[in-house]
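Please open the model in your viewer and keep the selection panel at hand. The stops below say what to select next and what can be found there.

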Amino acid sequence: MPTALLVEQLLNGLQAGMTLFLMAAGLTLVFGVMGLINLAHGSLYMVGAFAAAAVAAATGSFLLALAAALAAGAIAGVVVEMVVIRRLYDRDHLDQVLATFALILIFSEGTRWVFGSFPLQLDIPAWLAGPITLPGGIPYPLYRLTIIGIGLAVAIALWLLIERTRTGIRIRAGENDREMISALGVDISRLYTLVFALGAALAGLAGALVGAIQSVQVGMGEPVLILAFVVIVIGGIGSIRGALIGALLVGMTDTMGRILLPSLLATITDASMAASVGASLASMSVYILMAVVLVWRPSGLFGAAT
Amino acid sequence: MTPRTFILAAAMAALPSLALADAHAGKVKVGMITTLSGGGAGLGIDVRDGFLLANKESGDRLDVVVEDDQRKPDIAVQLADKMIQSEKVDVMTGIIFSNLAMAVVPAAVAQGKFYLSPNAGPSALAGKGCHEDYFNVAWQNDNLHEAAGAYANKAGYRKSFILAPNYPAGKDALTGYKREFAGDVEGEVFTKLGQKDYAAEIAQIRASKADSVFFFLPGGMGISFLKQYADSGVDIPVIGPAFSFDQSILQAVGEAALGVRNTSQWNKDLDNAANAAFVEAFQAEYDRLPSLYASQGYDTARLLISAMDAADVGDRDAFRAALEAAKFDSVRGDFAFGPNHHPVQNIYVREVVKEGDVFTNKLIDVVLKDHADVYAADCKM
């Protein structure tokens, strides 16, 4: 494979990983800090994308659309946490799955009522559109580079928040021992609402960023949700660092698997066959990665051993 | 999180929505199972709206029961059982997706129901698995892809990069394209069904020496591909079947689709009286432009109503002969059934244009005249 193509594919893997990280970061915080399985995380991603599409259509501004996605995600998160999720912290994981699955159905049908069944338009803004030429003469879309940049910025901001602020100390403490921290006078339920809203806002942001290069439609969140779960299982539940490394691993494995496996197989069989079998193997590669990591480290790369 | 948790989540299927209609004497009772929720809902809604518009124009001669299959084969099968056993429908229709059609159609015709397909046309039901009571009013799945291959020859393309999702209809698509395309296949890629990011594939296209790209990526997959392709700066021309350029999704693709040539058996500017009336009535009724799927739903209902004029649905042989005759003014112009009850029709190439603020298609040329499918020879009924 020519170097230029290889570099382009590595960037593609990096970008896929960064997008996944935005989803997985919120999911792993909620899972780690509150012990809650939130299947409706993908619905918050969809809410962000629809809010962005609606605001972009009304104002024509992409930055306002991104702000709207963050706000809509956070608001939807706060409402959902206070109305439904709050009642689930002490319940069994099965009850949590049941209730948040119901939320998926409610969000999907609600969105259909408001916006209809046809996909919405959300375009890359003119100032981010088109490819730029990287050193070495490699053309690469500016928008995808921007996503990589935003992902890195979010990763650094989250790290600072968790490691360097008082709120971060409380979040870490809540993760370790929720009785103790509430005994020490921290308003645990407000902390939980905050963490949930933060995760939801990140999901909303991811939805808006991805919506501009994919399709904004009902049900767009669920496929991403499954991958985000794979990411946090690989990275270790509750670990932001794990979510970042896990997301990059999954993004890289998926992208490189998709291009390398069919061409590897093409050396031993005919092209059509290689394309078909290679594609099937590639779609499994992420799950094989997860299985391998779990055999090696049962609680994930950065998970606390239980 | 335990495996049990995941299994529970996966096993929870939503309850089918109910839309019961009263039984009226002297009408033909139609059971429509179509996709009205989930990712593919836009297609089913258009088929339903086109069908119901034709029924309304006829003075409600059909008694239509509509149900949502949620794009799930098991739910489609349950709904079909209910329609056949308790609703006692005479005719069934509506299914959008080929895998659902394979689950429902053979059982329905075996239980003595007529089935008129407004969309799905799997090869298995066109060849050896054909049935005298099964009629496809849209196309055999391969047809539009064959037309794309034929168009690529006309346009002078010699080397194509081709891609489709890794599932039966995707494989049929690439087979159909290669059947007519006379040039070389420069690259062949199967993507994951439902995949939304095509950066890796687009990089391969950029690195290839192809002079054309053929893709079959229906629904949201196509929207994603086209937006990313336009943004990547790759300028190799793209061709595809109408499914990724249809009225229902073009607005979401936006500028990225402008100028792309795509193949279809119908377009809103096809010059015939039935079509002009249909396009006008559909816009008046629903306040949006009709899609390919709406035209197929409309033709399906009009075919059925034309058969009711000629025969009683209780007289099965006469009714079947009336359906075969297809004596209705199709919005596609000339329309006839081949020996396997699949359409013999013209297939056109269209170009995506912008009319005012609306993205839509303009008819360019006929690609395949009176085209029939290759499976008809295997059909013995």
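Begin by colouring the two domains of chain B separately in this predicted model: their centres, taken over C-alpha atoms, are separated by 27 Å. For the selection itself, the domain assignment gives domain 1 as 17–139 + 272–337 and domain 2 as 143–264 + 346–378 of chain B. Where these two domains of chain B touch, 15 residues come from domain 1 and 19 residues from domain 2. On the side of domain 1 of chain B that touches domain 2, you will find five nonpolar, seven polar and three charged residues.

Stay in chain B and show the open sheet of five strands, whose order is β2-β1-β3-β4-β5 with parallel pairing. The edges are held by β2 (62–68) and β5 (134–136) of chain B, each of which has a single partner strand, so one side of each is left without a neighbour in the sheet. Direction ignored, neighbouring strands of this sheet are turned by 20° against each other on average.

Next select β1 (residues 28–34) and β3 (residues 91–93) of chain B, which pair in the parallel sense over three bridges. To see one of these pairings, pick B:G31, whose bridge partner in β3(B) is B:M92.

Helix α3 (residues 73–85) of chain B lies across β1, β2 and β3 of chain B and runs at about 170° to β1(B). Helix α11 (residues 292–310) of chain B also packs on the sheet, where it touches β1, β2, β3 and β4 (114–117) of chain B, and its direction makes about 145° with that of β4(B).

Within helix α3 of chain B, select B:I84. Is B:I84 buried or partly exposed? It has 18 C-beta neighbours inside 10 Å and therefore counts as partly exposed. Its contacts, leaving aside neighbours within four places in sequence, are B:V89, B:A108, B:Q111 and B:K113.

Then display both chains and turn to the place where they meet. Here 39 residues of chain B are in contact with 45 residues of chain A. On the chain B side, the elements that give two or more residues are α1 (3–11), α2 (41–57), β7 (184–191), α7 (199–207), α8 (220–232) and α9 (247–253) of chain B. The largest share of that side, seven residues, comes from α8(B). By type, the residues on this side of chain B divide into 16 nonpolar, 17 polar and six charged.

Moving to the largest nonpolar core, which has 216 residues, select A:A24, A:A52, A:A228 and A:V231, the members that touch the most others. Helix α1 (residues 3–34) of chain A gives the largest share of this core, 16 residues. With neighbours within four places in sequence left aside, A:A24 is in contact with A:A228, A:V231, A:I232, A:A243, A:G246 and A:A247.

Finish in chain A with β1 (residues 131–134) and β2 (residues 138–141), which pair in the antiparallel sense over four bridges. A:T133 stands opposite A:P139 in β2(A). The hairpin of β1(A) and β2(A) has three residues between the strands, and in this hairpin A:G136 takes a positive phi near 95°.

How values were computed: Residues are numbered from 1 along each chain as its sequence is written. Chains are lettered from A and ligands numbered from 1 in the order in which they are written. This is a predicted model: local features need pLDDT of at least 70, side-chain atom pairs count only at pLDDT 80 or more; totals for chains, interfaces and linings use all residues. Two residues are in contact if their C-beta atoms, placed from the backbone, lie within 7 Å. Ala, Val, Leu, Ile, Met, Phe, Trp, Tyr, Cys and Pro count as nonpolar, Asp, Glu, Lys and Arg as charged, and the others, Gly among them, as polar. A nonpolar core is a set of buried Ala, Val, Leu, Ile, Met, Phe, Trp, Tyr and Cys residues joined through C-beta atoms within 7 Å. A residue is buried if 20 or more other C-beta atoms lie within 10 Å of its own, exposed if 12 or fewer, and partly exposed in between; C-beta atoms are placed from the backbone. Two strands pair if DSSP finds at least two bridges between them. Axes are lines fitted to C-alpha atoms, for helices over the stretch in contact, and angles run from 0 to 180 degrees between N-to-C directions. Domain bounds come from an automatic or database domain assignment.
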